[in-house]
Amino acid sequence: MTLVDSRPVLQVGPLLTIPNYITIIRTLAAVTLGIVALVSGSVALIAVAYGIYWLGDMLDGLAARWLGQETRAGAVLDIVSDRACTAVLCLALVALIPDVSLVAMVFLPSFMVLDTMLSLVFLCWPVLSPNHFHLVDRRVWALNWSPLAKAVNTAGVIGAVALGQYSVAVTVALAVLAVKVWSAVAVARLLRRDGRA
């Protein structure tokens, strides 16, 4: 992002970039493997699919920054792709391990609705992606898109499930939900303050 006359010039596209190819490949691979895991009844394949999803999600972001190919279109593609991976893998996990149903009832709506809204709200300001939301509000950014927040958002819940700690997973999911609700209220105030709502 460069500044011209104190206004940011944002890279909206192109859509066909190396980071976006990584996003597409990791999404197709994780979703396909998640469906295969469900059909074959393999929890191990779900674990591999989550690994592909998370590794690919880290790689596409690193590639975008290293190659100077960070764009708003790429940010939206990444956000939508995360939802595809999470929906398929979480539902496959519930189908294969019904004991995680309570975890999914808390986590999935929070991630699919609140987190999606929060992740896309960057489009209301002149920032490239949620990774740059600290330019709008540092607290909301720190709780949602800082490296620690990104790790806890999904990996904290799934990690506790992987360890068989379902009550811990529910507790983490409830804590994440509370953070998302607080963040949504904070963003609503920012939108009202800035005359964007």
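Student: Which residues have the most contacts inside the largest nonpolar core?

Tutor: Start with the general idea. In soluble globular proteins, nonpolar side chains tend to be buried together. Now this case, which is a predicted model. The largest nonpolar core holds 29 residues, and Tyr50, Tyr53 and Leu93 have the most contacts inside it.

Student: Which elements give two or more residues to this core?

Tutor: Six are listed: α1 (18-40), α2, α3 (72-96), α4 (101-120), α6 (147-162) and α7 (166-193). There is also a second, separate core. That one has 17 residues, including Leu118, Trp145, Ala184 and Leu190.

Student: What does Tyr53 touch, leaving aside residues up to four places away in sequence?

Tutor: Read a contact as heavy atoms within 4.5 Å. On that basis Tyr53 touches Arg26, Ala30, Asp82, Cys85, Thr86, Leu89 and Phe111.

Student: Let me try Ile52. Where does it lie, in which helix?

Tutor: Ile52 is in helix α2, which spans residues 43-66.

Student: Why does Ile52 count as partly exposed?

Tutor: Use the cut-offs. Buried means under 20% relative accessible area, exposed means over 50%, and partly exposed is in between. Ile52 has 30% relative accessibility, so it counts as partly exposed.

Student: And which residues does Ile52 touch, beyond those up to four places away in sequence?

Tutor: Arg26, Ala29, Ala30 and Leu33. Take Ala29 as an example of sequence versus space. Ile52 and Ala29 are 23 residues apart in sequence, yet their C-alpha atoms are 7.3 Å apart.

Student: How do I read that idea for the whole chain? What share of contacts joins residues at least 24 apart?

Tutor: Count contacts between residues at least 6 apart in sequence; 74% of them join residues at least 24 apart.

Student: What pattern do the helices and strands follow along the sequence?

Tutor: The protein chain has seven helices and two strands. Their order is β-β-α-α-α-α-α-α-α. For overall packing, compare the radius of gyration with the globule rule. The chain gives 17 Å, close to the rule's 16 Å for 197 residues, so it is as compact as a globular protein of that length. Its C-alpha atoms fill a box of roughly 55 × 35 × 25 Å along the principal axes.

Methods: Residues are numbered from 1 along each chain as its sequence is written. This is a predicted model: local features need pLDDT of at least 70, side-chain atom pairs count only at pLDDT 80 or more; totals for chains, interfaces and linings use all residues. Side-chain values use heavy atoms; hydrogens and water are left out. Helices (H or I, at least four residues) and strands (E, at least two) are DSSP runs, numbered from the N terminus. The radius of gyration is taken over C-alpha atoms; the globule rule is 2.2 Å times the number of residues to the power 0.38. Buried means under 20% relative accessible area, exposed over 50%, partly exposed in between (1.4 Å probe, protein chains only). A nonpolar core is a set of buried Ala, Val, Leu, Ile, Met, Phe, Trp, Tyr and Cys residues joined through side-chain atoms within 4.5 Å.
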